[in-house]
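The following briefing concerns one protein structure. Please consult the sequence and the model while reading.

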Amino acid sequence: MQKKALAVGALAMILAFSPVASAVNNDAELNFNKTYEQLDKLAYSGDDLGAVYTKESTSFKVWAPTAERVKLKLYSTGSDKEDGAKLVAESDMDYDAASGVWSSTAKGNLAGTYYTYEVTADGKTRETNDVYAKAAGVNGERSMVCDLSLSNPDGWEKDSFKRVNKQTEAIVWEVHVKDFSASESSGVSEKNRGKYLAFTETGTTLNGEGKIKTCVDYLKDMGINYVQINPFYDYGSVDESGDDSQFNWGYDPINYNVPEGSYSSDPYDGNVRIKEAKEMIAALHRAGIGVIMDVVYNHVFDAEKSCFDKTVPGYYFRHDDSGNLSNGSGCGNDTASERAMYRKYMVDSVKYWAQEYHIDGFRFDLMGLHDTKTMNDIRSALDSLEDGKKIIMYGEAWNMSTSTDSELANQGNMYSLNTRIGAFNDGIRDAVKGSNFNATEGGFVQGVGSRVAVKNGTAAATMDWSPQPSQTVSYSSCHDNMTLYDKLVASVLGEDADYRARDEKLVDMNKMAAVSVLTAQGISFMLAGEEMARSKDGDHNSYKSSVEENQIDWNNLVKYSDLVKYYKGLIDIRKSYSPFMCDDMAAIDNMTFYKETGKLVYGFMYENPNNDKQWDKLVCIMNSDKESAEVKLEGENLPDDWVVILNRDSAGVDKISEFSGDVISVQPGESLIMVDKQSFEKSGIKAKETSIDSLDDAAGAENGKADEAPDDGDEQSSSGVLPYIMGGLGIAVVGAGIFYLVRRWLKNRD
Ligand code: CA
């Protein structure tokens, strides 16, 4: 009896969403809130929702307190289009009014059996996949009972990634499963291209020619320690029964706890995608690389057709005063993280991926739509797991309008979040290379921005909205908007220029952008291929563009071998100097920001507060001006002698040249990093040689241009006048040297 009263009561209130009911707006709103409060009081705290499998029986539980009737349906296949498709059984489920849960137990070994719920609620009877599904058939339409122990690849019990101690030690490479290997240039076998299993291939080389490493072998040598993978839960925009020419980023969830089927070798068998996703993760772990999963709990593919709405109509989504779906996400619907059962769902789901799939971090899409309590609850839940405190969390903390009174996890509320929940720093992103939203606008590296904005970025927005570096993600490009190189093309050469052509001044700008981001406080982050001038031909929103547009062209490893080497060198520098990776304010407190510089000359010095046998003082100067700059080193107890480890051409932890004095000349478009000579010699820090270090040679040979390529001796010398004369005897170079001398002479006269 109690059940019926509640169900009807809730139903009446949910009907208040209809336009007719909203005519009496105040009453509707009152009812509407009451409904959610009532339903929240019925929240179920058990951990057995969904299909809980044993060899002897499977228990099915679904929370649906507004339903009048729920039927369990069992099928032989994931869709009716498959051979042998049939409805195996159906039965009414039992309702427990105290918990709002409908349940049923089926005897026997049901592994591999597909199932749905037929829910009668809100005056409609609709069939739905399970909100808590762990496995699904093609296109996620039917859920599947799964014996997860059979989905584990060999050695899975021993799989572990030594997660970094502080999330600011992460250097993240953001990649899409398909982008990674769809191109033939990836050297991945044809059958695995664009699939989970591409990540499991070792020994892959450029175009399969056996010379230049690609894919996971390449990443290992690059030195990044995490990949962030664009959504690989089951999403709706790609037809899994269709062909591989389809492409979508996948920000349109269907089943949150099931891997996407189109990346698997068989989307029909619910076991295969699970096993292959785990194989991908295990392979990355073997390479020493952690996996950050891009999760999109803020909206679904289609609210009305979603399992959430079919199971408890209205409850899981935010609505405005007129009863329309709230649309802060821009995707047609916003989920309601503040409601008890969606909050629980997010917590359960994240925990599930961490435990079952060994995920090492989570990137929350449009985190600014979630409430701060839910985000903190997720943090606590992860912290309670083994090694869980090291699981990375960050998200898009944009300030967005959505229909809720809850405190939202946006940049303005970072102080309410755990210090191990970070946010993307759009400040440094735009300061470095210009606004994301205006293709032709430049930033600091193009010589039109300001050093002040870069400074705020380097300090991890702690002068702005971020409480400390662990709460900031520093980046200049991600999957959204133009790639870094495309942005440089559009802003310098114009939107109609050839995005795939190499241009030396843009390569220099790209290098300076990398210096800005990889010397910044916070988590380091880059779009996959940023380090090889990846292009999407200026496409700033390629979410459903062609595979060809989106895929990484690994041939760029040859075309931009110098840039790749530069990134690798910068990563080496970052990893060798603990102040870059400090998670609290200690490093920033020990920084000197140079004030006596021009608008387009930015410099700072770190003093290492840690007793870690690394370099003591580190100076970084970037000059994006058209004129060379004489920079006076600032700070107390300055040493006389310095060792240059990064200049325009070369980056790494090895000595390029030495410098003595307290005024250094930095050429137009050049970055410099130097460390004090005494600690440099004492530390004995040496680069770990990898294939990237010889990429120039390999690339030169590949190009048939080995003879033309300058050797390293020449490359290391661009910061002085003498080496110019020694290195390049071409008229242009000598001319530049004379010009420089004259400029310097003129300057000194002042
Ligand atoms: Ca799918």
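**Structural briefing**

L148 lies in the loop between strand 9 (143–144) and strand 10 (171–175); strands (E, at least two residues) and helices (H or I, at least four) are DSSP runs numbered from the N terminus. The model is predicted, so local features need pLDDT of at least 70 and side-chain atom pairs count only at pLDDT 80 or more, whereas totals for chains, interfaces and linings use all residues. Residues are numbered from 1 along each chain as its sequence is written, and side-chain values use heavy atoms, with hydrogens and water left out.

- L148 is buried, at a relative accessible area of 15% (buried means under 20%, exposed over 50%, partly exposed in between, with a 1.4 Å probe and protein chains only).
- From C-alpha to C-alpha, L148 and K275 are 8.9 Å apart in space, although 127 residues separate them in sequence.

**Calcium site**
- The calcium ion has the protein donors D234 (OD), Y235 (O), E240 (OE) and E260 (OE), at 2.2 to 2.4 Å.
- E240 belongs to the loop between strand 12 (233–235) and strand 13 (253–259), and E260 to the loop between strand 13 and helix 5 (270–286), so the pair ties together parts that are 20 residues apart in sequence.
- Donors are N, O and S atoms within 2.8 Å of the metal (3.2 Å for Na, K and Ca); water is not among the atoms, so sites may look incomplete.
- Both glutamates are buried: E240 has a relative accessible area of 5%, and E260 one of 0%.

**Barrel**
- A barrel is closed by 8 strands in the order 10-11-14-15-16-17-18-19, with parallel pairing (two strands pair if DSSP finds at least two bridges between them).
- Strand 17 (residues 422–424) pairs with strand 18 (residues 472–474) in the parallel sense over 2 bridges.
- Within strand 18, V473 is the bridge partner of F424.

- Another sheet is open, with 4 strands in the order 1-2-6-5 and antiparallel pairing.
- Strand 1 (50–53) and strand 5 (94–96) stand at its edges with a single partner strand each, so one side of each is left without a neighbour in the sheet.
- Strand 1 and strand 2 (residues 57–63) pair in the antiparallel sense over 4 bridges, and V52 has S59 in strand 2 as its bridge partner.
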